[in-house]
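I opened this notebook to record what I looked up in one structure. The entries follow the order in which I consulted it.

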Amino acid sequence: MTRRAIIAVLVGILVGVAAYATIVPFDFTGHWTGTAQQEGQPANPLMADFTSTGPKTFTGTVMVDEPCTANGKAKRHMKVALRVECSNGNLVKIHGRIDPATQTMQGTFAEFRQRRLRHRGTFALSRQGGSSSATISFFSGATPAGHPAALRAVRPNTLPMDVVPKDGQWYLSPDKMILTVTSIQLQGGSMDPVAVNCSLTYDRSQPGLTKLSDCPFAATAGTYSGLNLEISPTYQVLINDSVNGFYSTSSGLVTSSPAGGAEYLTVTTNSFSGIAGEFPAPIDVSSSAPPTLSVVVNGLQFFRVQVSSGAVSLGWPDVGDTDPRRPDMTVSVNALAKVAFYSNQGINSAGAICTGGACAPPPLQGVIAAYVFYSSANVPTWIQLVLNGTPSGCPIGASGAFNGRGYLGLDTTNTLGWALPTDNSFSSYGTEFNMAQVTMLGGSTTLNCKQISTDPAPAGSNFSSGAPVISSPDYAAGFVLVAN
C-alpha cells in the first residue's frame, strides 16, 4: 500500500509538471525593441511589432534593414520560434525564450539567403509597456458602379475602336492598385512609429467601402489627436480605360489596347509618402480600449499623365512635374457608413479627365469634384473639394471641412452645409457653402458659395441645425453624383 501511495504521489507530481510544461498562454502583442548582434560584429538596434493570433501563435513585422514579415509560435517551457521573411529573399530563423516577469525575449538567430547560411548571432528584445493590439481597416472610396460612364467602360464593344486621348494633362482613375503600408503612428502622444508591412489591393469595380485589408499594430497607451501612415512610394497600378484610350503595360502607358491585355505597371511617386489625418476629437487608447480606425482609399481622378501626339508620359512634364502621384486617403475614428463622389456637371465622370495644357475643349476651372464621407446615413463627417484653379468669386484657404472644423452638417431638408477658413488654422472663415444631397447615381445638384467675413457659428456647432441660406451665390456650379 505504501509503495502504491508513493507511486500515486509521483504520478500526481509528474502530471502537474507536465501541465506546467505545456504552453502557458502569453500575449505577444506589443512593440518590442532591443538589439541583434552577429558573431564578431557590434550590436545593431532591433525593432519588432507583434500581434497574438491564438494561444500559441503570433504574427507581425521585424525590422531587418526593411520591414520583414514574421510568423511565430510559442512552445513548451516559454520557448518561442519565429520565421522572418524579407522581400530581398533573406530568411531569418529565430529561437528564443520568453521571460514573462521582465517581458523580455532573447535567444539566437540564423540568417539564410537562397538556403545558404549567411550569419549567426544573438538577440534580445524587451516589450514596451502600455501596449494594446489595434487594427486599422482599409476600405475603397466611392466607386462608379451603376453610373452610365461605368457601364460604358465595361462594354468596350459599344465604343469606337482605337480611341486616342487628346493632348494635354490628365487625371486618370486606375482600375486597380496594389499599395503597401510601411509605418503607423498615432499622433499627439508618446507613440513611436510602428513598422508594418500591410499590402492592400484597390479594385474600382468593387462597391464603395469594400474592405481592402486589416492592418494590426501595437498601440501605446495614451491620448492621441491624429494618425500618420507611411505608404511605400513604389506601388503597382492597372489601367484599362477603353473610354479614353489609356492602357498600362509593364513598361509604361499606351493608347491602344495591348495584344495580351492591360498589365500592372510599377511606378514610384516622388511626392510625400505620408498620410496624415486629424481626429475630430482626441481618442484615449488603452489595453481595454483599443482604437477602431478606418482609412478610405480615394482612387478616383488622381493619377497624373500627359499626352503629346499619342505618347503618354507619367506626370506633367510640360510644367516640370514627372510625378504620377498616389491616391489620397481619408482617416476616420469609426467605421464609415457611406461615401459619395460628385463631379462637376461639365465633366460628369468618375473616370479620366483632361485638366490642362492643350486639352480641347479647354478644361473647367474652379471646383471640379467633391468627396463626402458619412459616419451614418445622415451624419456627414468630412467633405473634400477638388480644385482646378481658384473658383471665381470664391476664395478657398482650405479645401475641406470635417467634424469639429468647418461646421459640416446635413439639415432636415437634406441640404449639406459647411464653411471653409481663410487658412488651415480654421481661426477665421472666408466662405460658406450649401449643396442639396443626392442619393441616386446620376442625380444632379448645385453647389453654392458665398463669401463671409465673420464666423458663422451655427447652433450645435454644425449646420445640421440648418444649412446656410445662399440666395445670391458668389460662385455656383452644377454637380452630378457619379460614384458612391
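The entries below go from the whole chain to rings, a sheet and backbone angles.

**Entry 1. Basis.** I note that this is a predicted model, in which local features need pLDDT of at least 70 and side-chain atom pairs count only at pLDDT 80 or more, while totals for chains, interfaces and linings use all residues. Residues are numbered from 1 along each chain as its sequence is written, and side-chain values use heavy atoms, with hydrogens and water left out.

**Entry 2. Whole chain.** I found 2 helices and 34 strands in the protein chain; these are DSSP runs numbered from the N terminus (helices: H or I, at least four residues; strands: E, at least two). Of the 484 residues, 48% are buried. For burial I used relative accessible area: buried is under 20%, exposed over 50%, and partly exposed in between (1.4 Å probe, protein chains only). The accessible surface of the chain is about 22200 Å², and carbon and sulfur atoms hold 52% of this area; the areas come from the Shrake-Rupley method with a 1.4 Å probe, and for residues only the protein chains shown count as cover. I also looked up contacts (heavy atoms within 4.5 Å). Among those between residues at least 6 apart in sequence, 63% join residues at least 24 apart.

**Entry 3. Aromatic pairs.** I applied a ring rule: rings of Phe, Tyr and Trp (its six-membered ring) pair if their centres lie within 6.5 Å, with planes under 30 degrees apart stacked, over 60 edge-to-face and the rest tilted. The count by this rule is 15 aromatic pairs. Why is the pair of Trp 32 and Phe 50 tilted? Their planes stand at 55 degrees, with ring centres 6.2 Å apart, so the pair falls in the tilted class. Trp 32 belongs to strand S1 (residues 30-38) and Phe 50 to strand S2 (residues 44-52), so that the pair links distant parts of the chain, 18 residues apart. Trp 32 is buried at 0% relative accessible area, and Phe 50 is buried at 1%.

The rings of Phe 402 and Phe 426 also have centres 6.2 Å apart, but their planes are at 65 degrees, so I recorded this pair as edge-to-face. Phe 402 lies in strand S29 (residues 400-402), whereas Phe 426 lies in the loop between strand S31 (415-421) and strand S32 (429-436), 24 residues apart. Both count as buried: Phe 402 at 9% and Phe 426 at 13%. I then found Phe 402 and Phe 426 in one aromatic cluster with Trp 382, Tyr 407, Tyr 429 and Phe 463.

**Entry 4. Charges over rings.** My criterion was NZ of Lys or CZ of Arg within 6 Å of the ring centre and within 35 degrees of the ring normal. Lys 93 lies over the face of Phe 112, 5.4 Å from the ring centre. Lys 338 lies over the face of Tyr 374, at 4.5 Å.

**Entry 5. A sheet.** I traced an open sheet of 4 strands in the order S23-S22-S10-S26, paired antiparallel; pairing requires at least two DSSP bridges. Its edge strands are S23 (311-314) and S26 (353-356), each pairing on one side only. Strand S22 (residues 303-308) is joined to S23 by 4 bridges, and Ser 308 stands opposite Ala 311 in S23.

**Entry 6. Positive phi.** Gln 301, not a glycine, has a positive phi of about 50 degrees. Gln 301 sits in the loop between strand S21 (292-298) and S22, and is buried at 10% relative accessibility. Asn 414 has a positive phi near 60 degrees and is found in the loop between strand S30 (409-410) and S31.
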